[in-house]
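Trainee: Please take one part of this model and go through it closely. I would like the contact between the two chains.

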Amino acid sequence: MNKTNIPRGLMVAALILLAGVFIFPLWQITLEAAQFPGGLKLNIWINKFSGGEGEGDIISNINILNHYIGMQKIEPDAIPELQYFPIVVYIMMGLGLLAVWLNKTWVYAGWFIVLFVLGALGVYDFYLWLYDYGHNLDPTAPIKVPGMSFMPPLFGEKDLLNFYVKSYPHWGTIFLSISMVCALLATWFKFKQHSYVKK
Amino acid sequence: MTVLAVGITALLFSACKQNGSVKDATSAVKGDAAEEVYVAPGEYDEFYAFLSGGYSGNITAYGLPSGRLLKEIPVFSKYPENGYGYSEETKPFFNTSYGEVPWDDAHHIELSQTDGKFDGRWLFVNANNTPRIAKIDLQTFKTTEIIEIPDVAGLHCAPFITENSEYLVSGTRFSVPMPQKDVPIDSYKENFQGRVNYVSVDQETGEMSLSFQIQMPGFNYDLARNGKGVSHGWTFLTTYNSEEAHTMLEKNASQRDKDLMAVINWKKAEEHLEQGKGKEQKTSYYHNVMDESTGIVESEVKKSTTLLNPGDCEGMVYFVPVPKSPHGCDVSPSGEYLIGNGKLSADMTVFSFSKLKQAIENEQFAGDHNGIPIIDYEASLHGVLKEAGLGPLHTEFDGKGNAYTTFFISSEVVKWDLEETTVVDRKETYYSPGHLTIPGGETKEPYGKYLLAMNKITKDRYLPTGPELAHSAQLYNIEGEKMELILDFPTKGEPHYAQAIPADMIQPGVKKYHKLEENEHPYVAKGEGKAKVVRDGNEVHVYMTAIRSHFAPDNIEGIKMGDEVYFHVTNLEQSWDVPHGFTVQGAHEGGLLVMPGETLTLKWEPVKPGVFPFYCTDFCSALHQEMSGYVRVSPKGSDVELQWSLDEES
């Protein structure tokens, strides 16, 4: 590749990698217990939830388990983020194409910063949902959880009653992160070219 | 005196225990046998073995080599464990032209085949007493269809499958007047007939249909096999009582040195059928099929059958003589050798199919029976296995040129070379085996490895359980030159035949739960919001849901004396192994065991006013004990309105 095309190439790569959030889950929470060989897997996508293969409707199964401790039902239709997050990604892709066309250092930098901030806000938003589900428990539920808190970790592993819960980013988030790195590199190479031309 | 006699007997018995057969049996097991049959916790068996249950009317699935019982599959008998035959959906399975028959004697297992090999789609089994054939789905391990076979009696000789599952072939064990009529029993020779029946199998759905029947002389048709490979298109059936005796068969049906094996060219029968040689006969029989989307069994009464008469159909039926009252009739993997096991003979007759065919072509006949040619015995003989044991019953194959035969009287399994007709090895069984099975042992490509012998006599094999004992089965490793006894386990009912198939041909397709969205039961409630109670005259239909850990509704009022209450319970769970049970006090129809996504119905007729509990009978969850409710019954004419609720919300 011609050296002058490197930033553009990197930015195109960033866009392709960003599409990974539609192909893979962003996060995975695994609930391990004796009765669930292999664990119950909850995959969180940019626009939906899914379970492990052959597990059936994971949300319904988790809701059945959670009703014993009075956790409110997870209803995907009532989570607006699942509707507008994909739109945000489409907009970012559009802006990314614009950035490729303009091919300017500040445009690449700007795109990177916006994506980074959005990503960070997304993780914070996810934390708020976890906190809400984990603390908003029905006091008349059959099982009263000590401290009335049943919050899975955002990142890491934790014992929750009979479950050992693991929560980690999944491929979607990894692709998103590499996409950011590409945008950052595009900014860097463009900046270097610019200063070289100046000399 | 009596005490002394008992004491002496006990002494003799214990001496025998130490020095006699029991010790021999123990020492017959080699040192590492335990290792060979040990399936560690969490690991799976290598084979599924399906054993018929005889007079239990059911089938059992065992794992091999561990001998662990995996499941009892109810077929011809009511089964209180899961409500089979008690639920409104499954009751019609027992409809027959004799009325409701909720029991039978299930003998022979047949796994479906493609190209002469097991394909893991379906399992078929016969009912001996009230002639029927059932189909079991191997994704759900549930009976899904039962067809009655008309104008036969004692469907022992069934349901033998052809190499592409084209037909399930059966023969009548008892000849009877056909059609049934009131005649003196001693008019047997004049009035009694046999039938061989061809039930076709739909290759998409497995649905059975009686294609045609062949009118046969009044013998007792005992067992059969269909040809494969070179002999595909032919059926071979052993018969006894070619004497046509009607009393004291033990003696009178054992007079001749040779009985006859029927040889039927069913491809030829199809040609005759096409040429319109079949005669429509009036009859009446039931065909009961479960609709898989609703789980409801529908019964249909069929009114006619197509009969072929060998007299009108040239080249369709032959006989060949077999020594003394043959029982088993087995075809080698290549399809070339047919083995007639003469149960009163010490010899085993091996016919060669190519010689048999040649003899037919050359018309080497030694007379006829009512116009049916009898093929010359010598001309069709491959060889005779001389004095291998006493009372040969059944033979299977290992695909390496060996045959294995059970000997009932001498209580042993004998391995012999098919080509040379010489004995290779023999091992005792405990005691008196009937059938044996080798995984794939009746197919073109046996898997070999193990041999399971199913015994008729158990005696002292296990801790005693009074006069009634479980039948015993023994597992042998047959990989080496010598057979090795590796396991002994009790079975359920009286297993006759069994078939075993590699687990990986079934396991991946096994269904874990029913999809609720595919449930088309007319009384399904797909969600608690859909739960309701509807009155229709004196019938009350409760559309009930079950989910961990409550029913909806769980309070029902307004039921009156004289009502018929139908609880239609839908299990809303959509996860593996979360069944819910249901029953209500005083229910005459037992209980239900409802799988996830399924709807089952329990009929309840209250016998007195009051408030009666219903509850979940399967320990479904930590709060299973709380999974209950009440139904209030008011006197006839009471003004209590029909109402229902859950958590005080209607």
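Mentor: What follows is a close look at that contact.
This is a predicted model, in which local features need pLDDT of at least 70, side-chain atom pairs count only at pLDDT 80 or more, and totals for chains, interfaces and linings use all residues. Residues are numbered from 1 along each chain as its sequence is written, chains are lettered from A and ligands numbered from 1 in the order in which they are written, and side-chain values use heavy atoms, with hydrogens and water left out.

Start with the residues. Chain A brings 10 residues to the contact (heavy atoms within 4.5 Å) and chain B brings 10 residues.

Now the area. Between them, chain A and chain B bury about 750 Å² (accessible area, 1.4 Å probe, that the two parts lose on being put together, summed over both). Carbon and sulfur atoms carry 56% of it. On chain A, three residues stand out: Asn61(A), Ile64(A) and Tyr68(A). They supply 54% of the area that chain A buries against chain B, more than any other three residues.

Next, the class make-up. The side of chain A that touches chain B has 4 nonpolar residues (Ala, Val, Leu, Ile, Met, Phe, Trp, Tyr, Cys and Pro), 2 charged (Asp, Glu, Lys and Arg) and 4 polar (the others, Gly among them).

Last, the pairs across the contact. Polar contacts do occur: 4 residue pairs, both residues at pLDDT 80 or more. Such a contact is a pair of N or O atoms within 3.5 Å; within protein, one must be able to donate a hydrogen and the other to accept it, and residues adjacent in sequence count only if both atoms are side-chain atoms.
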